[in-house]
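Hello,

Here is the structure I promised to pass on. My notes follow below it.

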Amino acid sequence: MATEYERTERTRVRRKPGRGSYDRELVHAILDEALICHVGFVDDGHPYVTPTIHAREGETIYLHGSPASRTLGSLADGMACCLTATLTDEIVLARSARNHSLNYRSVMVLGTAQEITEPAEKAHALLTVVEHMIPGRSDEVRGPSEKDLETTKVLSMQIEEASAKVRTGFPADKPDDRDLSYWAGVLPLSLATGDPIPAPELSGDVPVPEHVTRWERP
């Protein structure tokens with residue numbers, strides 16, 4: 001398999017092309033680190049963008065939700081869609097208001113989805129989504145029951161086209177602004193957990209699992 005996705009007219013980064021990348025590993029890494037994605041599609045002439053949980057396995061992205069979901073119902077019919085995910089790494093603080101920005105890693109994926117109906121494959125996809133959220137969790141929960149599978153719609157979306165865009169570095173202040181006496185730089189951001197809060201009905205003798213106390217993104 002090629003190390004890069006093909007650069008197509010639909011995925012070619014036009015604005016700041018130096019920030020663009022088609023590297024397969026980078027695209028995968030951003031998808032894997034992002035806890036949610038946004039799925040865009042057009043239904044009956046109207047555009048929609050929906051946030052949802054996802055999980056990647058190879059070149060397949062799994063989506064799931066209610067059978068009544070407009071998004072999943074539309075995509076299950078083979079409708080073309082666009083999936084994006086963004087990670088915000090730093091706030092970029094410039095000397096001028098105009099040059100404030102964010103350092104980020106983002107990915108855009110184009111493809112079509114299809115519904116998974118085979119029970120074993122459907123259960124595997126749902127557990128893959130759980131593992132995406134918190135690795136190690138699927139081994140310490142009840143797996144999907146027959147009823148769970150009946151009341152959940154699961155789709156698989158193949159990565160047909162993809163590109164990433166990444167900004168790093170300091171503010172791009174104009175030379176005339178660099179002598180101004182305003183602080184400039186970057187403010188790093190991170191995703192961290194607080195102390196686990198047990199469910200009210202949880203038995204007091206159930207310890208907090210290690211995969212919970214040691215959770216962190218890739």
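Predicted model: local features only at pLDDT ≥ 70, side-chain atom pairs only at ≥ 80, totals over all residues.

On the strands (DSSP E runs of at least two residues, numbered from the N terminus, as are helices, H or I runs of at least four; a pair needs at least two DSSP bridges): β6 (residues 101-115) runs antiparallel to β5, with twelve bridges. Ala85 sits opposite Val107 of β6. Strand β8 (residues 161-167) is joined to β6 by seven antiparallel bridges, and Ser106 has Lys165 of β8 as its bridge partner. With β7 (residues 153-158), β6 makes three antiparallel bridges.

Then there is His132, in helix α3 (residues 119-133). Is His132 buried or exposed? His132 counts as buried because its relative accessibility is 9% (buried is under 20%, exposed over 50%, partly exposed in between; 1.4 Å probe, protein chains only). Beyond neighbours within four places in sequence, His132 is in contact (heavy atoms within 4.5 Å) with Leu31, Asp32, Ala34, Leu35, His54, Ala55 and Arg217. A polar atom of the His132 side chain lies 3.4 Å from the backbone oxygen of His54.

Best wishes

Conventions. Residues numbered from 1 in each chain as written. Heavy atoms only, no water. Polar contact = N/O pair within 3.5 Å; in protein donor to acceptor, adjacent residues only side chain to side chain.
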